[in-house]
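Colleague: I have a few questions on how this model is put together. Could you show it first?

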Amino acid sequence: MVIKPDADLLSAALDRVVPPVGDLPGAGGMGLSEEVIKRCSADDRFNGALNTVLEALPSPNDFMALDDGGRDGALRAVESSHPAAFGLWLDIVYTIYYMQPDVHARLNWHGRSPQPDGNEMPPWDESILSVIRQREPFWRKV
Amino acid sequence: MVWHRGVYAPRKGAIFHLWRALDARIVIPSETGVESVWIPAHRTDTLPSDMTTTDHDPDRTADVLIVGAGASGAAVAASLSEASFDVVCIEQGHWQDSFKYPSADPDFDLKAISSWSINPNKRRLPVDYPTNVEDSAVDPVMFNGVGGSTIMWVAHTPRLHPSDFRVKSQDDVADDWPISYEDLEPWYDLNDHVMGCSGISGDPANPPRSTRPMPPIPIGRDGEMIAGAFDRLGWHWWPSDAYINSTRYGEGRDACNFCGHNMLGCYQRAKASTDLTYWPRAIDQGTELVTGARVREITTDSTGRATGVNYLDAEGIDRHRSARAVVMAANGIGTPRLLLLSDSEKSPNGLSNSSGLVGKNLMFHMFGGASGVFPNHPDPWVGPVANIILSQEFYETDSDRGFLRGYTFQMGRGQGPGAIARGVAGQRAPWGNEHHAILERRFRNTLSLGCIGDDLPEEHNSVTLDKRLTDSSGLPAPKITYRVSENSRALLDHAIAQGTKVLEEAGATEILINPQSRETGWHLLGTARMGNDPERSVVDKNGQSHDVDNLFIVDGSVFVTGGAVNPTPTIQAIALRTADYIINERGDLKA
């Protein structure tokens, strides 16, 4: 179970992992720490990774006292000491960040689920085979 | 040009019965001048997920009991039941409702890495079993449910080459198969039509074959970029055969709408999965399908013949089903696991294991490759993810390359930004100040060439029973031991170098190398191989156990070598052929 101080720590860490860009704040500034905690709580694997990362970081007060370079250094230390958990944590953070409509808008991506609308199937154009059709069969006979 | 009907049914057998159950006819010209008849699926208004099979007597002795309702089990069930065999199938998973697949869910990307992960060790549903992969370079991936892994496959459906069946004769490595490409060809053809194949004839890298029931899936602007590069290099490429509808085909199955996420289950039902293709036929013909039931043991009598199975039902109650024959269709990990679990005084090393080869010679297909970042926004999230085009320029052995056998290139598309951030070519986007610039460069601009390399059998690559890890029923889980051979490493290195050339020729400005993917153990092969010699194989050329004459294996376990293509059409062709053997040669198994 992640408690509130850790949520603040997480938010600060998220801002370094996915920092502000353009007119968007970082992942922490977007308020994604609660979302990350909620989603992780539904999956033991993710929850374990989240807790491992937060426990390996300096205490919330110490982390908050660091400048950006210092926070990055602390995160790199965790990445080095707990690579599997850190990688899994990054996966969930990235996934949640790129589920956000504001992020889709900045990337000029539709962001909708793949179905039911899908996309338009282009026409089949057999002329693309004109070169390869000139090649003689070359499969190996037995 | 000769037109004739019944080319697939030279005698009374499975195919005859499959045809009889169908309701319409189309005549298809074949590439060889011989034309054949295909009859598409009959219509019903019943969704597969609504199907129930409750009117069977569970205390009867069925003719045939099948373990596993995936690609091969479904094909056998349809064939045997249409030939009036009394068939029961036991499946540990459940029916899927295509309208509830995550592709229509706003959280689809999150589900793709959790409850809908391809990896059962990540998905961890009660119907899954864990695998110990501590000593494996590859993680096996699969889906447990009616349809099996065809629910989550990409449905890329090339065939083995004739040379794949003769690697010992031709390359003095591994073993020849006891069957040939020609033996399987009619069953490949039938399976193409039942599953629904989109594709086009004329591929110079493969023998001529009958016309597919649907035209190819268009390869898109991004596909044309890569195809053009192959053309300029003078290298082979061809539009991929796919069990994905390019037009409406089959019961309630629409054409593909290019959603780009065919691994998440197909909401559109355009991608063939056996819950949509073979299973409605099997159930129509009387097959009993028991879901949510985990087989824990094949039972035998005092002579060692199979008598049925013991299983745990959906409530966890231990039950027994009797049958005159047992067919294993539980994939190249599930089948050896269950054979090893079925040891007895008469078979202390596991059932059908007098050769000691049950679980040995595991093959996955090594998968690696290169990805290219392009400057011109090919928008590669539109269309099937990995069945676009293939190249078999380097499929056959060339001793100058420094390795035996060869590989297929398979073009792959990118997906949404979350997937790109999690990794292109296995490389996660960096966090921190570099993140946005790199993500934006890769997103909407990344295409890949994956290499499926021939994976030759080695006995130390194996499935055994883990001494500690168990599934949710307390049964020992499989332990996977697998390492990459020197031949495979050399093959992958060659593929990466050649793939880089293609991507650069296509205009890529940045290349990302994936030396070897870990989570790509889709192809579970070789762990109960077929052969003529009982000391060097587990089953004969018909899939019948050398040791137990009423035990058959029809999944990827029976592969002698891996070939260098996605194996499902071959698995299903083998299953159909075994069913035909049972129908025609094993009348003793029918009440």
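Predicted model: local features only at pLDDT ≥ 70, side-chain atom pairs only at ≥ 80, totals over all residues.

Colleague: Which are the edge strands of the open sheet in chain B?

Modeller: Six strands form this sheet, with antiparallel pairing. Their order is β7-β13-β14-β15-β12-β18 of chain B. An edge strand here pairs on one side only. That gives β7 (238-239) and β18 (510-514) of chain B.

Colleague: In β13(B), what is the bridge partner of B:W238?

Modeller: β7(B) and β13 (residues 389-391) of chain B run antiparallel. Two bridges join them. In β13(B), B:W238 has as its partner B:L390.

Colleague: Helix α7 of chain B packs on the sheet; what angle does its direction make with that of β13(B)?

Modeller: α7(B) spans residues 220-233 and touches β13, β14 and β15 of chain B. Its direction and that of β13(B) make an angle of about 20°.

Colleague: Within what arc do the buried residues of α2(A) fall?

Modeller: In α2 (residues 32-41) of chain A, the buried residues are A:L32, A:S33, A:V36, A:R39 and A:C40. They line one face of the helix, because, seen down its axis, they fall within an arc of 130°.

Colleague: Which element gives the largest share of the side of chain A that touches chain B?

Modeller: In this contact, 41 residues of chain A meet 54 residues of chain B. α1 (4-17) and α6 (83-97) of chain A each supply at least two residues of chain A's side. The largest share, five residues, comes from α6(A).

Definitions and conventions. Residues numbered from 1 in each chain as written. Chains lettered and ligands numbered in written order. Pairing = 2+ DSSP bridges. Helix = DSSP H or I, 4+ residues; strand = E, 2+ residues; numbered from the N terminus. Contact = placed C-beta atoms within 7 Å. Axes fitted to C-alpha atoms, helices over the stretch in contact; angles between N-to-C directions. Buried ≥ 20, exposed ≤ 12 C-beta atoms within 10 Å, placed from the backbone. Arc of directions from axis to C-beta.
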